[in-house]
Amino acid sequence: MQITYKTKGTCARSITFDKDENGKITNISFEGGCDGNLKAISKLCDGMTAQEIVAKLKGNTCGYKSTSCADQLANAVEQA
C-alpha cells in the first residue's frame, strides 16, 4: 500500500512510502528538503518496520525547529 504524508514544520513538503503486509516500509521518498540527507535517510530506513523507524528517528530536531524531516518520517510511519 502506498502512503503519502503531508509534513508539518519542515522544508520537505511530503513523504511517500510503501508499507507491505508485514509492516515493512520501502520506497521512501521526500518532496522538497535537503536532497542528499533525505536520500540517505530513505536508504537507511528502507526495509525497516514502522516501529524500528520510530525508535530511531522520533524526536530528532533540525536546528531551532521542534521537528525534522526524520521526525516527520517517524510520525508518518507511526500513523500508517
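Visitor: How much space lies in the largest pocket?
Guide: This structure is a predicted model, and the space was computed from its atoms. For the largest pocket of the model, the space comes to about 210 Å³.

Visitor: Which residues that line the largest pocket are the closest to its centre?
Guide: The lining of the largest pocket is made up of 15 residues. Among these 15, the ones closest to the centre of the pocket are C34, L38, C62, S68 and C69.

Visitor: Which element gives the most to the lining of the largest pocket?
Guide: Two or more residues of the lining come from helix 1 (35-45), and two or more come from helix 3 (69-79). The element that gives the most, with 3 residues, is helix 1.

Visitor: Which side chain does D18 join in a polar contact?
Guide: D18, which is found in strand 2 (residues 12-19), is buried yet has no salt bridge, and the nearest side chain of opposite charge, K19, is 12 Å away. The side chain of D18 does, however, take part in a polar contact of 2.6 Å, and the partner is the side chain of N27.

Visitor: Why does S42 count as buried?
Guide: S42 has its place in helix 1, and a polar atom of its side chain lies 3.2 Å from the backbone oxygen of I28. A residue is called buried when its relative accessible area is under 20%. S42 therefore counts as buried, because its relative accessibility is 9%.

Terms used
Residues numbered from 1 in each chain as written. Predicted model: local features only at pLDDT ≥ 70, side-chain atom pairs only at ≥ 80, totals over all residues. Heavy atoms only, no water. 1 Å grid on protein atoms, 1.4 Å probe; cavity = no way out; pocket = protein on both sides within 12 Å on 5 of 7 lines; lining within 4 Å. Points joined across faces, edges and corners; volume = space filled by probe spheres on them. Helix = DSSP H or I, 4+ residues; strand = E, 2+ residues; numbered from the N terminus. Buried < 20%, exposed > 50% of the residue type's maximum accessible area, 1.4 Å probe, protein only. Lys, Arg positive; Asp, Glu negative; His and termini not counted. Salt bridge = Lys/Arg side-chain N within 4 Å of Asp/Glu carboxyl O. Polar contact = N/O pair within 3.5 Å; in protein donor to acceptor, adjacent residues only side chain to side chain.
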